[in-house]
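Hi everyone, thanks for coming. Let me put the sequence and the structure up on the screen, and then we'll walk through them together.

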Amino acid sequence: MTTPASPADALAAREKLPPEEFRRRYLGGDQTYETVTAGITTITLDHPGQQRWLIFFACSLALLGLFVVSLGYLFLAGVGIWGNNIPVTWGFDIINYVWWIGIGNAGTLISALLLILRQTWRNALNRFAETMTLLAAVCAAIYPLIHLGRPWYFYWNLPYPNSMLLWPQFRSPLIWDATAILVYLLLSLMFWYIGLLPDFATLRDRAQSRRKRQVYGILALGWRGTALHWARWRQAYAILAALAVPLVVSVHSGVGLLFAASLEPGWHTTVLPPFFVFGAVFSGFAVVSLIAITLRQAFNIRELVTDAHIDLLAKVLLGTGLATAYGYLMELFIAWYGGEPFEQALMLDRLGGAYAWSFWGVILCNVVAIQPLWFAAVRRSALALFLISLSVAVGMWFERFMIIVITLHRDFLPSSTHFYWPTFWDWATFAGSVGLFLTFMLLFVRYLPMISIFEVREMASEREAKGGSR
Amino acid sequence: MRQPSPAANRPPRSREQWRSLDELGLTADAEAELTAEFPSAMPLLNGPDRRAFLRLMAASLALGGLGGCEPEPAEEIVPFVRDPAGWVPGAPLLYASCHVQDGIANGVLVRTFDGRPVKIEGNPSHPWSRGATDIFMQASVLDLYDPDRSQAAARLGRLASRQALENALVERMAGLRASGGRGLRILTGPTSSPSLIAELEGLLAALPEARWHVHAPIDRGQLYEGARLAFGTPLETRYAFERADLVVSLDGDFLDPGPQQAGYAGRWLERRRRGEAEGRLIELHAAAATPSLTSAKADHNLVVEDRRIEALARALLARLDGGSGGEPGSEVEAAWLARAAVALDASRGRSLVVTGATSAPATHALVHALNARLGNTGATVAHTDPLLARAAEPEASLVGLTRAMAEGSVTTLIMLDVNPVYAAPGELGFAPLLDRVEFSLHLGAHPDETAARCTWHAPLAHPLESWGDARALDGTVSLIQPTVRPLYGGSTPAELVALMRDGQSRDGLGLLQAYWRDRLPAGRFEDAWREALVSGFLAGTALPERAPPPARVPDASAPPAEGLDVVFRPDPTVWDGSRANNSWLQELPKPLLKTVWDNVIAISPALAREQAIATGEIIEVVTADGGGARGAAWVLPGQAPAAVTLYLGYGRAGGGQTAQGRGYDAFQLRSAESPWRRGGASVRKTGEVATLVTTQELHRLDGHDFVRVHTVGEPAHEEPHEHLSLYPEPKPWPRAWAMAIDLDSCIGCNACVVACQAENNIPTVGAEQVGLGRDMHWLRIDRYYEGPPEAPVTHFQPVPCMHCEQAPCEVGCPVEATLHDHEGLNLQVYNRCVGTRTCSSYCPYKVRRFNYLDYTGGKPPSIQAQRNIEVTVRGRGVMEKCTYCVQRIAHARINARQEGREIRDGEVETACQGACPTRAITFGNLSDPASAVHEARRSERHYTLLEELNTRPRTTYLAKLAPAEPEGKA
């Protein structure tokens, strides 16, 4: 064992740790090939904590019901049931869209980018992070559809051959955005499903009941774990990962361009696309942390999602948070330095206008709240990270509100100024979309392996092969 | 099958339990009796079976339908075998008519499509109004289709047939004739109609004991009273702005809403534009206690207490006589006075001192004296006999009527097109007096407050469906001709008076022709009549000028009681409440307040500070005699510290769904003797807050130059920017539509806004939706203040779509629903729009409007009938905006192509342009160097709104003019 055989060994070497120690940090010491498999499949097949799950599921289902009712009324009456107006033509619809798509950014980043970079610590996180991405992207994708004045014509936004011989207007950032989301959604779905294949096979093999065997069997697409299967699988997975990484950037740049392509103060700036990408990763990691900590607590899988994972998530959160804070700072600086009066008026409005609470909310939740993460003790505390992540999720929502509403409610001509306040239906739709997310997240936790069995198993087996014992 | 017997069919009745009084009372005896009398109806009484029920319903429906019918007039219907000359299906036809407000006419052209009047245009050949319009003219077409209009006669609030009404009236008149009409009183609105006056005089001649009273909520009584003070006889005063080099307005209203606006505003601005061409400013000095459109437009505006106006006039008079200027006022006042006096002195005989209909008689008399002293009388001021019948006779007023009613000497009261129960001054107590009148008849457009208290109510025909005449401000007789058959069979006052006269029902045309037959040149009546109908007026009927006796200076009036001065003003959009059921006018932002659907109590910033009252708080105005009005406070910049303005026209208890239940009723606080002002008032906070709806929340320019000001004779203060672009310059447009709006000519009157609404089928959305920020006006008038709130400079800026050549909206739209056409119009394709609202988000001018809800669906059929067939009605979820009236451009394009020529300059007139009383809007082809809009773009006043954004708007502005010296800021 003179040369490090695996990437994990390389990492361990960089961190000046013995490989065993490194592995122990990202996989609980007692975990073996068998315990990993049993631990995860038990959750899926035997449903521990059924009662608690049912309570949560009922609540989520109620919210989902609210979503259905909200949408029903929306389609019946029109977008006027929301608080949107002229000039604030975009309110909760686009705020929540941007917020969700931001959250939806982290999963693919964790899975694809870290896979390519061979960061094996991702193995414990990638499955639920991907699921979160998929669901958040679905929640996000719903908004542009329902926010239309005439949603039944949504497909006019897509390039398809039609009798009117009309294409979409390709200069519109909305088209770029729609395309980016659609591609992102499809790719994320494929990536997620292909990643699940070996685990479906494991479940099929371990399921007790006939029906479960059948269902997981069908989902496993005949996976037998042969060398050829694995070879093909690795190829496909790597290609999808390579495709997914640029999409992480393009999706949120597209959202940034949705604003940057206008002339509006606070929007018409080139910094917006990268700034939005950083913000997205930031909020995505916050929500991944929330989910990781919750699952760890709920299903007692501390040996799979270890304190070291928590520490890493916290570090990423701090890093992206600082990048986002730099963005806030630059916006203010450029407004001052550029000397453009409308831009300056906008920044003053952010600092002290009617919606200043959103700006100070951003500063408090996204900048101040993450500073304790400089300390290792805080980073290792699951509770602290949970609270900070929650604060970031809220803060990023404030940021979307700030960017959209403050610019629109007062842009150039003071005569057009009009304030925006969400209505009950705005909140109901938002809560409903959270319900949608939670419902499917809970179904995922219940019926699919929330942690990639085969990848964690690989870590365990590598350790066994190398060290033999602890 | 045997029918079960009636008794078996019925559940057994218990004597303890019964379901209805009928059931309880239906004894066996009665039942037997009924069976004998109506054998076939008995099964029905006992709960009809299914078949009988259906039979009964069918019969009821059929009979119910029949019963609701009025007999149609017997007229032959002849199909168009050949189209009448000049009639093309679907093409508009214009008819000349006139619009009468407070008895005074302005000429209009009614645009009709297939027999439906849809739009009012100004009548350019009318000698007084000369094609100008105002909001009331523009909105009057909607009144025709008002679904709340009175549609049938009523007796004590129950529907009655027209025949019953006529019978009752004729019978009543027969009874009255015996006593020479004793106890008969007729109350009309203000009228200048020669035929109606003759009709009434004829009736009064036949019934010498009968009396005719006139009630006008917005009257010219102060005017006539002032002339009586000065000249000893009531006279009409007419100003010749076209000859004035200088105008001094002492609480004047020549630019304010009212029948005078259309004629005066255009003449003054024409003079001002001519002055600019001569290189000088035709200045307007104004003093007012409560800001008005006139004071807002003034170059030197003085905010002064209402009680000081008279003193100001006296001081001016003294200064012109070489005196020192009367009693001392504030420093600002003295400065204003000195400047006005010097200017007046320098242009004797070529200047004009004006005042308004709401000014006190003494002020009017002093203004007459001032004009006489300046040599203006006969030069820029002309006098004629009063236009309005009996408006100057105290005994013919409402006060005279109520006195007689209180004495019990009124047994029959006929009210023609008036609503005194609502609009009479509160102190007269008109409503209870009306209840004591034996026979009262109300002819009105709506089942309003007065109709509810009368024994009879008859529907009034709308001017667009009836015949009539009225005089314009210069006396020109203008004809009212119908453009549609009466929708609900109403009558005109003249028709009703004719019926009263001899019991014969006559039609309006017959009455009108009968009157004019004797007065038009003998022998060629038919030609003259036809000519008059085509032109809309009788040429040469302007009232002759009268040389007044030397003006006497009236004695000083007694100063009002200490305290706040309550000043009454007609509401700028719903006027005296008679227009309150018109949703266009309700949703039209008040020019200075920018509030909609409500009236407010305007207070000064100083008073607001002193009593800690914020805009929107509900306050109570209490007068010395204990009367009070509760309404929402509005801190109005430019309001004199001690002035409290109450706006009439709201607080309606009847008169239609739109009119009712909004705002407070200021008429209650009014006194008959001094209708426009009351001293000794105080305000009290109530602690409640109202939800006021405004379309513009911010009013400060904040250092930006959205509205630019230009001093006459100075060069353009800015070089045009260089247009930088990464893209190649577009090819020159063969035709490039463009609009230039002259901000100096804009008086903020809103006529363009209503015209746009009428032309383009713009829906009204109601107070709640406006409050949410969803008003649909394609054209808005931004109103900005500059300077201190105590005495600000007011700017108006109409903002339609800019039709940017590099339009930000077009970049955003994902479905290409907004795009450029080949003539540079920024189009909106409604049926392609999916409603992402990106275009509006991207629009720097925020001129786009979105159908957040279904604002056009489900409207009553009559409202749908008003719609312009040339403009798409937009449904829910679609973006819309100003199109430069693309339908009118298309018309011109087709006509020009058919005739094989270019579109002439001025051939396309947008709705806003056509409506503007001051011709502030120029529209045309920018590529044509000879076009007016091209000419406007070369003006040194020309500028572009937000030019730095490089959107290259097609709509541009001409800066406001300002005097050379610094503004008279207080």
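Among contacts in chain A between residues at least 6 apart in sequence, what percentage join residues at least 24 apart? With contact meaning heavy atoms within 4.5 Å, the figure is 81%.

A word on the ground rules. This is a predicted model, where local features need pLDDT of at least 70, side-chain atom pairs count only at pLDDT 80 or more, and totals for chains, interfaces and linings use all residues. Residues are numbered from 1 along each chain as its sequence is written, chains are lettered from A and ligands numbered from 1 in the order in which they are written, and side-chain values use heavy atoms, leaving out hydrogens and water.

Staying with chain A, we have 18 helices and zero strands; these are DSSP runs, H or I of at least four residues for helices and E of at least two for strands, numbered from the N terminus. Along the principal axes, the C-alpha atoms of chain A fill a box of roughly 75 × 50 × 45 Å. Of the 470 residues in chain A, 58% are buried, that is, under 20% relative accessible area with a 1.4 Å probe, counting protein chains only.

Now over to chain B, and one residue I'd like you to find. His215(B) sits in the loop between strand S7 (211-214) and helix H9 (221-231). Is His215(B) buried or exposed? It counts as buried, because its relative accessibility is 7%. Beyond its neighbours within four places in sequence, His215(B) touches several residues, including Leu187(B), Pro190(B), Leu398(B) and Val418(B).

Notes. Buried means under 20% relative accessible area, exposed over 50%, partly exposed in between (1.4 Å probe, protein chains only).
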